[in-house]
Amino acid sequence: MPKKPGFSPEHVEPFVKLSARGVARLQGRHPWVYRSDVADSNGVPPGSLVRVLDERGKFLGTALYSSSSQIAIRLISHGSVADLPALVAERIRAGIGYRKGLVSNTDAYRIIFSEGDFLPGLIVDRYNDVLCLQILTQAMDAAPVRAAVLQTLREELQPAGIVERVDARIREIEQLPPLQSRLLWGEKNSTVFTMNSGSMNGGVRFHYDGLEGQKTGAFLDQRENYAAAARYAHGEALDAFCYQGGFALHSSVHSAVHSALHPAAKCSSVTGVDSSRPALEMAEKNATLNGREMEWIEANAFDLLREYASSGRRYDTIVLDPPAFAKTKRDLEKALGGYKELNLRAMKMLRPGGILVTCSCSYHVSASDFFEVVADAARDAHKTFRVVENRGAAKDHPMLLNVPETGYLKCLILSVSN
Ligand code: SAH
């Protein structure tokens, strides 16, 4: 029998030894150990399932090993694991079960969120009858693991299609051969999905194309924030960094109902701004799908906000959902400067009683950093804000208490008092 990496019992044999600092990471209930905290990983093949030991040989658990990522060890169990594909299948079923009670009123949500579902390097999103998966670690890329993922998803969810979205940069970091995004199984890679169907006129509908767009196609982590923001949106609304119109469409569709703080004031107009033309083309299609007429502007949101702010434009509702400015820790200062500028300009443009929905999805920017920078902007804008809601990612993106990286999304809903 040829040996296949990362799944057969004989491959439980490889081990790594951790330094005291590496051991402390695991004791702190964090699953990642950096290469610099691995004392001995001699001859461990890429993507192996490894026994994790301290320097004296005491067993600490079982992990996925990466030979190239800075994160050398991702713990997958505090016990022994004999059969990785079987464990992956079991955890996928558990992930599906976990969401049964938590997720409602949507046919689009995350089914598996990597560490948040104890499956480091596996992401699976559901868009109605199309599933989209991403594989981000060497161990998850092994053929027997892939086979278990596909089979379990098919058995449990009976999709019409399963698409794989490839992040070329990650495959390079993990030294995995390049792959194209493609339909892995079935016939369908595009569909229509519906979010927040319980609360707003039957919900908001979106086109989905599994082989186009950013992330796995949409920003599912904002689903609950769309509904929350729409509860307060009123008057003239601007959705900056709108992508395919998630916030804008919710505010527009929901405005036919009422606004929580301004019951008489519906959204009179909603404008979306993004620098990506394909995203805006999809946004326009989504508007049509929902029977809405909206304005979409292709522009650099920084420039547009600067121009609008200095020409005295005013809004009642502004959403700021920029891309992750801080891709690495080194970018932090610059990123904070970016957030400050955006928030300051938006705050200046808000009319009294206005609503600011401000987000950050950079995991290097902590919730307290973000709070601080937004507070700083308010000080410079000479305005007082109430925090109406302090939110994070939707519940289908579980955050692990001891793993701050899993709680990357911040979303504050603020109202201007004066
Ligand atoms: N709010 C969106 C997600 C936004 S993601 C949603 O809920 O679906 C960030 C978006 O910012 C992307 O669509 C990207 O195209 C856009 N973007 C990046 N840099 C930009 C810039 N300088 N100006 C305008 N849009 C930008």
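Analyst: In this predicted model, the ligand is surrounded by 15 residues, and the closest of them are Tyr 226, Phe 241, Asp 274, Ala 301 and Asp 321. Sorted by class, this shell holds 9 nonpolar, 4 polar and 2 charged residues. Tyr 226 brings a polar side-chain atom to 2.6 Å from a ligand oxygen atom, whereas Phe 241 takes part through its backbone, where an N or O atom lies 3.0 Å from a nitrogen atom of the ligand. The backbone of Ser 275 also contributes, with a polar atom 3.1 Å from a ligand nitrogen. Taken on its own, the ligand has 580 Å² of accessible area, and the protein covers 89% of it.

Turning to the sheets, one of them is an open sheet of 6 strands with mixed pairing, in the order S2-S6-S5-S4-S1-S3. Its edges are strand S2 (32–34) and strand S3 (38–40), and because each has a single partner strand, one side of each is left without a neighbour in the sheet. From one strand to the next, the twist averages 40°. Within this sheet, strand S1 (residues 15–18) and strand S4 (residues 49–53) run parallel and are joined by 3 bridges; Val 16 has Val 52 in S4 as its bridge partner. Helix H1 (residues 20–27) lies across S1, S2, S4, strand S5 (59–65) and strand S6 (71–77), and it runs at about 165° to S2. Helix H2 packs on this sheet as well, touching S4, S5 and S6, with a direction that makes about 70° with that of S6.

Another open sheet, also of mixed pairing, is formed by 5 strands in the order S7-S8-S9-S10-S11. Here strand S7 (108–113) and strand S11 (182–186) stand at the edges, each with a single partner strand, so one side of each has no neighbour in the sheet. The average twist from one strand to the next is 20° in this case. Strand S10 (residues 161–164) runs antiparallel to S11, to which 4 bridges join it, and Val 163 stands opposite Leu 183 in S11. Helix H2 (residues 84–102) packs on this sheet too, touching S7 and strand S8 (122–127), and its direction makes about 140° with that of S7. Helix H4 (residues 143–157) lies across S7, S8, strand S9 (130–135), S10 and S11, running at about 160° to S9.

Key:
Residues numbered from 1 in each chain as written. Predicted model: local features only at pLDDT ≥ 70, side-chain atom pairs only at ≥ 80, totals over all residues. Heavy atoms only, no water. Near = heavy atom within 4 Å. Polar contact = N/O pair within 3.5 Å; in protein donor to acceptor, adjacent residues only side chain to side chain. Areas by Shrake-Rupley, 256 points an atom, 1.4 Å probe, with all protein chains shown as cover. Nonpolar A, V, L, I, M, F, W, Y, C, P; charged D, E, K, R; others polar. Pairing = 2+ DSSP bridges. Helix = DSSP H or I, 4+ residues; strand = E, 2+ residues; numbered from the N terminus. Axes fitted to C-alpha atoms, helices over the stretch in contact; angles between N-to-C directions. Contact = heavy atoms within 4.5 Å.
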